[in-house]
Amino acid sequence: MSSDKTAAPINHGSTATQRSALLFDLDGTLLDTPRAIAEQMSLAVEAVTGVRPEVEAARALIGAPLERMAGSLSGTDPDSPTAQAISADYVTRYRDLIVPKAADLLFSGVRGGLERLARNGFALAVVTSKKHHSAELILDAAGIRELFEAVVGEDDVDHPKPHRDSADAALAALGLEAAGPGGAVVGDTAADIGLGSAIGTFTVGVTYGVYSTYQITAAAPDSVAHTFDDVTRIVLARIGK
């Protein structure tokens with residue numbers, strides 16, 4: 001089931017969703033990676049500092065840039081040698097232990113939903129706090145990279161989510177100046193909802209990722225989805241599909 005604040009479908013005329021953009025978060029929105037990320041980040045901190053933080057502490061930081069997570073969990077500056085060493089250790093763990101499982105981590109309904117949205121004319125992009133290369137790596141391993149016209153990582157912009165830089169970069173890559181009347185930002189944290197608000201577009205908060213239903217609702221998205229099938233229905237309903 002889903003909760004949607006929109007009252008009526010948008011009238012797009014004959015072009016429908018032809019150039020409306022959907023900007024998706026990655027971890028916790030498309031892929032069920034948060035637990036694995038938190039576990040491996042915790043182990044990376046232990047490998048460098050000798051102290052292993054709680055997995056839930058690492059999970060709560062998902063959505064922040066990697067070095068910021070490493071710094072927060074180790075009590076150091078994100079630019080410190082310690083945070084950099086933790087980040088490097090984590091990247092190795094991510095590549096060797098998480099990426100190979102990507103196809104099995106795809107949330108139910110994601111592939112079919114993305115294909116349906118693309119068939120209805122939406123331009124699809126991923127906007128993530130991951131490094132660009134890491135995002136490309138796992139999207140390819142999950143078998144869904146070809147469904148996206150653009151991927152924007154935190155190292156592609158000066159200011160990551162919720163600053164609008166990431167959305168602007170994605171829209172530019174799609175050849176658009178705005179998300180369009182049927183456009184939306186879809187994600188599982190306040191940073192994603194903030195990103196949508198920053199560019200003045202519709203937002204869908206999902207409850208099956210990092211944030212609980214209470215937390216994502218508190219971020220005040222325009223609509224709340226409990227499954228990816230809900231996401232697809234919400235977006236298509238806005239254009240009368």
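Into which domains is the protein chain divided? I find domain 1 (21–32 + 106–237) and domain 2 (34–101), with bounds that come from an automatic or database domain assignment.

I note that this is a predicted model, in which local features need pLDDT of at least 70 and side-chain atom pairs count only at pLDDT 80 or more, while totals for chains, interfaces and linings use all residues. Residues are numbered from 1 along each chain as its sequence is written, and side-chain values use heavy atoms, with hydrogens and water left out.

**Entry: the two domains**

I looked up the spacing of the domains. Taken over C-alpha atoms, the centres of domain 1 and domain 2 are 23 Å apart. I then listed contacts (heavy atoms within 4.5 Å): 16 residues of domain 1 touch 13 residues of domain 2.

The area buried between the two domains is about 1200 Å². Buried area here is the accessible area (1.4 Å probe) that two parts lose on being put together, summed over both. Carbon and sulfur atoms give 63% of that area.

I also searched for salt bridges, meaning a side-chain nitrogen of Lys or Arg within 4 Å of a carboxyl oxygen of Asp or Glu. The rule finds 1 salt bridge across the interface of domain 1 and domain 2. I also looked up the side chains of E67 and K131, which meet in a salt bridge at 3.2 Å, N to O.

**Entry: M41**

I placed M41 in helix α1 (residues 34–49). Helices (H or I, at least four residues) and strands (E, at least two) are DSSP runs, numbered from the N terminus. Is M41 buried or exposed? M41 counts as buried because its relative accessibility is 0%; the cut-offs are under 20% relative accessible area for buried, over 50% for exposed, and partly exposed in between (1.4 Å probe, protein chains only).

Leaving aside neighbours within four places in sequence, I find M41 in contact with A58, L66, M69, L73, I86 and Y90. M41 and A141 lie 100 residues apart in sequence and 20 Å apart in space, C-alpha to C-alpha.

**Entry: strand β2**

I checked both faces of β2 (residues 21–24): A21 and L23 on one side and L22 and F24 on the other are all buried. For pairing, DSSP must find at least two bridges between two strands. β2 pairs with β3 in the parallel sense over 4 bridges, and L22 stands opposite L124 in β3. β2 also runs parallel to β5, joined by 3 bridges, with F24 opposite V186.

**Entry: strand β6 and its crossovers**

I find 5 of the 5 residues of β6 (residues 202–206) buried. F202, V204 and V206 point one way, T203 and G205 the other.

Strand β5 (residues 184–187) is parallel to β6 and joined to β6 by 4 bridges, and V185 stands opposite T203. From β5 the chain crosses through helix α9 (residues 190–198) to β6 in a right-handed β-α-β crossover. Right-handed means that, with the strands pointing away from the viewer, the path from the first strand over the helix to the second runs clockwise.

β6 pairs in the parallel sense with β7 (residues 223–225) over 3 bridges, and G205 has V224 as its bridge partner in β7. The crossover from β6 through helix α10 (residues 213–218) to β7 is right-handed.

**Entry: helix α9**

I list A191, D192, I193, L195 and G196 as the buried residues of α9. These pack against β3 (123–127), α8 (165–174), β5, β6 and α10. Just after α9, G200 has a positive phi of about 70 degrees.
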